[in-house]
Amino acid sequence: MTAKTTASFAPGHRLMLTFLVALCILVACVLSTETNMPTQNMSNKERAELREEARDMFYHAYHAYMENAYPADELMPLSCKGRYRGVTPSRGDMDDILGNFSMTLVDTLDTLVLLGDFTEFEHAVKLVIRDVQFDSDIIVSVFETNIRMVGGLLSAHILAEYLQKHADTMHWYKGELLEMSRELGYRLLPAFNTSTGIPHARVNLRLGMKDPMLKKSRETCTACAGTILLEFAALSRLTGDPIFEVRAHAAMDALWKLRHRGSDLMGTVLNVHSGDWVRRDSGVGAGIDSYYEYLFKSYVLLGDDKYLARFNRHYNAVMKYVSEGPMLLDVLMHRPHAKSKNFMDSLLAFWPGLQVLSGDLKPAVQTHEMLYQVMQMHTFIPEAFTVDFQIHWGQHPLRPEFIESTYFLYRATGDHHYLQVGKRALKTLQQHAKVSCGYAAVNDVRTGKHEDRMDSFVLSETIKYLFLLFSDPQDLIINVDEFVFTTEAHLLPLSIAQLGNATFSFRQSDEHNVLDFMRTCPSSNKLFPEKVRKPLRNFITGSCPRTTAGKRLSALDFQASNADHLRAVYDMGITMVSVGDRSQGKAKSHEEGEMGLQFMQEMLELTKMQSINQLAQLQAVAYATDEKAQDWVALMAGPSHFSPELIGDQFVEGDVMLAQPLRACDETLENAAEAKGKILVAERGDCTFVSKARLAQKVGAVALIVCDNVPGSSGETQPMFAMSGDGKDDVLIPVVFMYSVEFGKLTAVMQRRKQQPLGVRVMQMVEFKRWQLAKAQRQNQTVAATQKPDKEL
């Protein structure tokens, strides 16, 4: 049903015309005028200044945390205080990352070493040893605790011993951090007691899985279960205790067996006991991202060929089904030609960096450039954006993935374009995220409003990668090429492979063949020779390669995301620009000029067709303006991809009622008893649209209206929004979306009728128009009949 409704709202990938305002003003054009200029080499002086600015950024955030939040897990930069589990107001599942174990300091330890601040590193290590403990009756995320805490402790231990040998300091250190990581590892192990060997998503640090709150624990994400091995293998090999690595290998083996054998794709959410897939969406973003990363890096760190083979099988499947030029769009693992989402999330920004490490640079450059254009368009890369690069989810928590990929692309190519990209990212953080007490996440990139949140990864990853980007490798205290970066940017030495694990066999599996090993670990230096870079320079600078000669591009086939199409249209003399740009194009030849005129005629016809199609999908929330229900008004609403379509003259009618709490993200509603038979209203935010819909259905509502949480948003000025689901077809009530302005009008009517509930109809807008037109015709006929003169005698 999801695929069907997606196709009906935006047929295929051809309907990129929603951003066609006039003849050829493309609001969401992939090209940026800034990138039309050739990249300028950055001087050593400027690069050094940016490195020092990144250092200053780190200390601005670090000192803000240490002075105002420590020993809390996180800094709240707007409140300028610490975030404690069970003390600070709960944020729901988001707080599963918190364990009251000084997470930001532990996560940040190795960054201090990279910055060369051995004195503060030693001080911080002493604080961690003195203050951090894990015997707490707190439920935590296994995934987050592993990558941030176990990884942070292991990396700090390794670097402490490194400094003992190479910097003649910290001679008092006796491996305390390693023992702490072992203790924490043991507290995570109960999560692995499942019938499949795939760990639960959460565990109680003191009670294990015996916490009553975890009795119904069944589901985890692919990335959650598949992002354990690097840390657990390092823990086993450093401590000599094999149990951690054995459990992590078993989890990876179990996940591999659950792949779809036809497509070699993985879903994103599964049942840890049965192994059944709960969500079959397959992509490279949220829910699955670091699983791919750990397959490849497990091969690099441990030398086990089976992980390279598995990575290659998955990688080939992703590039076959998920990749569309520079874009990466989720598909259904069991139906890989069916798209499951019409948007991309920002976590996929890690993918170009992983492609660099695996040696596939051309698509890495393309996807990175697409993401850079998204960043330029919206200041930050929003948490999710649509295929025409409009905002789907507007948050930006200062994520590191794009900067991480920028760093690896620069290390691979030496192209100063990536230094300029890094400079843009750094200056954007300074201008739009810096506050007096650290750096604040952006609640909505459209408004720039801040959120009282500074995740630990801002210090452990975002600023770390900026510092590394602007640093010369020889200036660093360690040779980073001798380390593997974990998904949290913690450093694990390649020498770990030499320690071995006698309990684990690295025998070649019969399930892999020679084709799975065709991709091999690339050279660490010249990954991007000139003969490969030269054709791609035009892409980076915004000048795309031409389409194949002899074949005319039709408007029906045109895709705004296709670089070849954009170049072909430009050659026809048609300039595609962002609103406000008044530059003009000129055809390269008389023939291409004629093709351009024909293209524009086709585009106009398609625009008319699309307007009809969009009107057919537009929803209406209608209400009577008088007591007799003679006059009705309809407010514009958008459809969803996961709920039943109201076809023809179908409609749902009921009294409107606001959910309590309004976000409708809890297990039930405070006013659940009154919701039966009502049309429920819930505000966007805190949980997925489909979660709100399931809750509304659970309490007996006949329909759900989701209102936007961005003040001033309106369907009159913004593209109509279509809500996406999670691939499951269990929502049986209609669900529509209203922007803030339209919902404000509905709210005003509800307030005027405090004494009686407001009844509304949810229906197709085109059917409302037909209904009103038919009613007007009947009224006209009635008036005409009453005014007809008597028959002459």
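**Entry 1: conditions.** I note that this is a predicted model, in which local features need pLDDT of at least 70 and side-chain atom pairs count only at pLDDT 80 or more, while totals for chains, interfaces and linings use all residues. Residues are numbered from 1 along each chain as its sequence is written, and side-chain values use heavy atoms, with hydrogens and water left out.

**Entry 2: the whole protein.** I recorded 24 helices and 28 strands. Helices (H or I, at least four residues) and strands (E, at least two) are DSSP runs, numbered from the N terminus. Of the 793 residues, 58% count as buried. I then looked up contacts, where contact means heavy atoms within 4.5 Å. Among contacts between residues at least 6 apart in sequence, 72% join residues at least 24 apart.

**Entry 3: disulfides.** How many disulfides does the structure hold? I found three, a disulfide being a pair of cysteine sulfur atoms within 2.5 Å. With the bonded cysteines numbered in sequence order, the pairing reads 1-4, 2-3, 5-6.

**Entry 4: C80 and C437.** These two cysteines are joined by a disulfide, S to S 2.2 Å. The link of C80 and C437 is right-handed, with 80 degrees about the S-S bond. It connects distant parts of the chain, 357 residues apart: C80 is in the loop between β1 (74–76) and β2 (81–83), and C437 is in the loop between β16 (434–435) and β17 (438–439).

**Entry 5: C221 and C224.** The sulfur atoms of this disulfide are 2.1 Å apart. I noted 90 degrees about the S-S bond of C221 and C224, a right-handed link. C221 is buried at 14% relative accessible area, and C224 counts as buried at 18%.

**Entry 6: C665 and C687.** I found the sulfur atoms of this disulfide 2.1 Å apart. The torsion about the S-S bond of C665 and C687 is about -85 degrees, so this disulfide is left-handed. C665 lies in the loop between β24 (651–658) and α21 (672–675), and C687 in the loop between β25 (679–683) and α22 (689–698), so the pair ties together parts 22 residues apart in sequence. C665 counts as partly exposed at 30% relative accessibility, and C687 counts as partly exposed at 24%.

**Entry 7: helix α23.** The buried residues of α23 are S740, E742, F743, L746, V749 and M750.

**Entry 8: helices α10 and α11.** Helix α10 (residues 289–302) and helix α11 (residues 305–322) pack at an angle of about 145 degrees, with axes 7 Å apart. Axes are lines fitted to C-alpha atoms, for helices over the stretch in contact, and angles run from 0 to 180 degrees between N-to-C directions. Residues making the contact include Y291, L295 and F296 of α10 and L308, F311 and V318 of α11.

Note on methods
Buried < 20%, exposed > 50% of the residue type's maximum accessible area, 1.4 Å probe, protein only.
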